[in-house]
Amino acid sequence: MSIFSKLIAASIPFIPRPIVGYFAKPYIAGETLEDGVRVVKDLNARGIMATMDVLGESVNSREEALAMRTQCEGVLHAIKDNDLDANLSIKPTQLGLSIDLDFFDENIRVLLDIAKGYDNFVRLDMEDHPFTDDTLAMYRSLRRDYGRHVGVVLQAYLRRTADDLRTLMDEGETNIRLCKGIYVEPEAIAFKGRAEVQDNFKLLTEMGVGGGAYVGIATHDDLLLEHGIAYVKQLGLARENYEFQMLLGVRPKRRDEIVAQGHRLRVYVPFGDQWYAYSTRRLKENPSMAAHVVKAILGFNK
Ligand SMILES: Cc1cc2nc3c(=O)[nH]c(=O)nc-3n(C[C@H](O)[C@H](O)[C@H](O)COP(=O)(O)OP(=O)(O)OC[C@H]3O[C@@H](n4cnc5c(N)ncnc54)[C@H](O)[C@@H]3O)c2cc1C
């Protein structure tokens with residue numbers, strides 16, 4: 001990130017909420033479950049699958065975590081009731097991972113019981129490194145009981161990830177979303193260079209897809225998309241055995257091209273009243289968007 005971009009990213013907390021809301025609009029389905037359902041229906045009509053996410057993370061009280069769980073239960077019921085081609089993604093800390101492991105375990109199992117009953121699926125998103133071990137341990141325990149109804153996320157920027165993937169695959173049926181990783185992590189544990197992360201992403205794609213894991217290749221990076229497309233073609237893999245994943249509002253044209261080429265693609269659809277924290281994170285990631293926000297505030301867009 002350039003100094004200018006860093007300055008812009010740092011200024012985001014001071015930008016008025018309505019302006020952040022305006023620029024973040026493409027990245028969030030809306031505030032309500034109905035908004036989420038509407039967006040998923042639209043994606044499904046274009047032949048695109050979805051994973052729904054109730055916005056919220058780092059929940060600190062049991063009450064909040066239980067309220068989040070209730071909302072996530074609602075998502076699973078709504079997917080069933082509306083016959084959507086969608087599953088659920090959750091952030092472990094949203095359901096109490098950082099409060100107490102047993103408490104998280106109870107909450108996630110309630111969701112997985114529902115998902116299994118509907119023959120659906122819940123993915124554990126991966127948060128920052130203090131939660132990696134616990135999240136992977138929970139995934140191991142849950143997949144023993146819920147099998148193909150549960151999956152996890154691995155981050156290519158972490159130096160440990162190749163070992164994690166190898167171990168998970170040695171132990172049993174593995175379902176991962178592979179992404180670069182979104183948090184700012186120390187160099188001691190994370191690759192920092194763009195090329196290093198890309199190289200590890202390619203290696204992990206080949207390890208996972210080639211080794212028989214189900215991999216959601218989650219990226220908007222052309223280099224990695226091309227690599228993934230070429231690799232599944234080289235293996236002659238049936239389209240049911242892998243998928244691409246993208247975030248709502250990011251590179252929709254590229255997304256539609258991939259679908260038109262015959263690949264399955266799933267869009268991450270976040271919704272909920274905690275849109276502000278999510279949106280500022282998205283804007284920080286993409287300084288060109290942030291630059292538009294700053295220009296709008298200064299009146300340069302008029
Ligand atoms: C479906 C999905 C789920 C994810 N789940 C997790 C998770 O559980 N844990 C985690 O740590 N990370 C997660 N991520 C985020 C991921 O780790 C990356 O931070 C993010 O995808 C950007 O990396 P990239 O591979 O798209 O490459 P980049 O090089 O960052 O992006 C390539 C191009 O895509 C465009 N682009 C990328 N991101 C944005 C954006 N936010 N807004 C506008 N344009 C953008 C830009 O044009 C950019 O040049 C997820 C990503 C996806 C797609």
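Predicted model: local features only at pLDDT ≥ 70, side-chain atom pairs only at ≥ 80, totals over all residues.
Strand β4 covers residues 150-155. Six of its six residues are buried, so β4 is largely enclosed by the rest of the structure. Val-150, Val-152 and Leu-154 point one way from β4. Gly-151, Val-153 and Gln-155 point the other way. Residues on both faces are buried.

Strand β4 has β3 as one partner. β3 spans residues 122-124. Three bridges join β3 to β4, and the two strands run parallel. Within this pairing, Leu-124 stands opposite Val-152 of β4. Val-152 belongs to the set that includes Val-150 and Leu-154, which point one way from the strand. β3, α6 and β4 make a right-handed β-α-β unit. Helix α6 covers residues 132-146.

Strand β5, residues 175-179, also pairs with β4. Four bridges join β4 to β5, and these strands run parallel. Leu-154 has Leu-178 of β5 as its bridge partner. Helix α7 comprises residues 161-171. Together, β4, α7 and β5 make a right-handed β-α-β unit.

Attention now turns to strand β7. This strand comprises residues 242-247. Five of its six residues are buried, so β7 is largely enclosed by the rest of the structure. Strand β6, residues 214-218, pairs with β7 in the parallel sense. Gly-216 stands opposite Glu-243 in β7.

Helix α10 comprises residues 252-260. β7, α10 and β8 make a right-handed β-α-β unit.

Strand β8 also holds Arg-266. This arginine has a relative accessible area of 10%. Buried means under 20%, so Arg-266 counts as buried. Its side chain has a polar contact with the backbone. A polar atom of the Arg-266 side chain lies 2.9 Å from the backbone oxygen of Ala-50.

His-149 provides a second case of a buried side chain with a backbone contact. His-149 is found in the loop between α6 and β4. Its relative accessible area is 7%, and therefore His-149 is buried. The His-149 side chain reaches the backbone oxygen of Asn-120 at 2.8 Å.

The second largest pocket has a volume of about 510 Å³. It is lined by 24 residues. The closest to its centre are Asn-87, Phe-121, Arg-148, Asn-175 and Arg-266. Two elements give two or more residues to the lining, namely β2 (86-90) and α6. Eight of its residues are nonpolar, seven are polar and nine are charged. Arg-266, one of the residues closest to the pocket centre, is the buried arginine described above.

Two aspartates have a positive phi. Asp-83 lies in the loop between α4 (62-81) and β2. Its phi is near 55 degrees, a positive value in a residue other than glycine. The relative accessibility of Asp-83 is 70%. Exposed means over 50%, so Asp-83 counts as exposed. Asp-119 is found in the loop between α5 (101-117) and β3. Phi of Asp-119 is also positive, near 55 degrees, and this residue too is not glycine.

Tyr-22 lies in helix α2, residues 17-24. Its relative accessible area is 59%, so Tyr-22 is exposed. Tyr-22 and Ala-190 are 168 residues apart in sequence. In space, the two are 33 Å apart, C-alpha to C-alpha.

Technical notes
Residues numbered from 1 in each chain as written. Heavy atoms only, no water. 1 Å grid on protein atoms, 1.4 Å probe; cavity = no way out; pocket = protein on both sides within 12 Å on 5 of 7 lines; lining within 4 Å. Points joined across faces, edges and corners; volume = space filled by probe spheres on them. Nonpolar A, V, L, I, M, F, W, Y, C, P; charged D, E, K, R; others polar. Buried < 20%, exposed > 50% of the residue type's maximum accessible area, 1.4 Å probe, protein only. Pairing = 2+ DSSP bridges. Right-handed = clockwise from strand over helix to strand, strands pointing away. Polar contact = N/O pair within 3.5 Å; in protein donor to acceptor, adjacent residues only side chain to side chain.
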